Amino acid sequence: MGPLVSVIMPVYNSAKFIREAIGSVLAETYTNFEFLIYDDNSTDSSLSIIQDFANKDRRIKLFKGEIKQKNVSVIYKLLADKSSGKYLIPTDSDDICLPHRIETLINTAIQHNSASLIFGKTKIINEDGTKTIAYCGGEVSPYKLFLRNIVPDGASLIS
């Protein structure tokens, strides 16, 4: 068993996608993780869907917001502060994770143990999953990072 990983996911009105998003994380081949999910006062059925999953899998730790946050970075920071893992993997509530995502990121982090950020590519698909719109990620340089954030959160690991 490898190091504990903290997968963190902010959620707001994601009922349409959240079952598949959570299910894809729980189906990953790497199993030594905690899954911290923050519901940011959703007005749809997101919270009840998350609660159903949390009742069935003890790796899920559910947090509920009292008021709607204005910035998702506040939620990511809150979840990071509550995490226990050696590594953080931020994941959006509409991400569909491939089965070997965590395993691949962990193995790369172990091979490059001085790196504080590991990331790969993500495929951006349309809402019904039938068409690839673009790919995100790739080679990085300080100049590219200066221009814009090119690090895809669903395929990144922070040490």
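**Reading the labels in a predicted model**

Tutor: Asn-13 sits in the loop that joins strand S1 (5-11) to helix H1 (15-26), where helices (H or I, at least four residues) and strands (E, at least two) are DSSP runs numbered from the N terminus. The model is predicted, so local features need a pLDDT of at least 70 and side-chain atom pairs count only at pLDDT 80 or more, while totals for chains, interfaces and linings use all residues. Residues are numbered from 1 along each chain as its sequence is written, and side-chain values use heavy atoms, with hydrogens and water left out.

Student: Why is Asn-13 called partly exposed?

Tutor: Its relative accessible area is 30%, and the label is given between the two cut-offs, buried being under 20% and exposed over 50% (1.4 Å probe, protein chains only). Asn-13 therefore counts as partly exposed.

Student: Which residues of H1 are buried, and what do they pack against?

Tutor: The buried ones are Ala-15, Ile-18, Ala-21, Ile-22, Ser-24, Val-25 and Leu-26, and they pack against S1, S2, H2, strand S3 (60-64) and H4, a contact being heavy atoms within 4.5 Å.

Student: How many residues does the largest nonpolar core have?

Tutor: A nonpolar core is a set of buried Ala, Val, Leu, Ile, Met, Phe, Trp, Tyr and Cys residues joined through side-chain atoms within 4.5 Å, and the largest one here has 26 residues, with Val-5, Ile-22 and Phe-35 making the most contacts inside it. At least two residues of this core come from each of S1, H1, S2, H2, strand S4 (87-90) and helix H4 (101-111), and H1 gives the most, with 6 residues.

Student: How do you know that Arg-101 and Glu-28 form a salt bridge?

Tutor: The rule asks for a side-chain nitrogen of Lys or Arg within 4 Å of a carboxyl oxygen of Asp or Glu; the N to O distance for Arg-101 and Glu-28 is 2.8 Å, so the pair qualifies. Because Arg-101 belongs to helix H4 and Glu-28 to the loop between H1 and S2, the pair ties together parts that are 73 residues apart in sequence. Both Arg-101 and Glu-28 are buried.

Student: Why is Asp-81 given its accessibility label?

Tutor: Asp-81 reaches 53% relative accessibility, and therefore counts as exposed. Its side chain meets that of Lys-77 in a salt bridge of 2.8 Å, N to O, and both residues lie in helix H3 (residues 72-82), 4 residues apart, about one turn of the helix.
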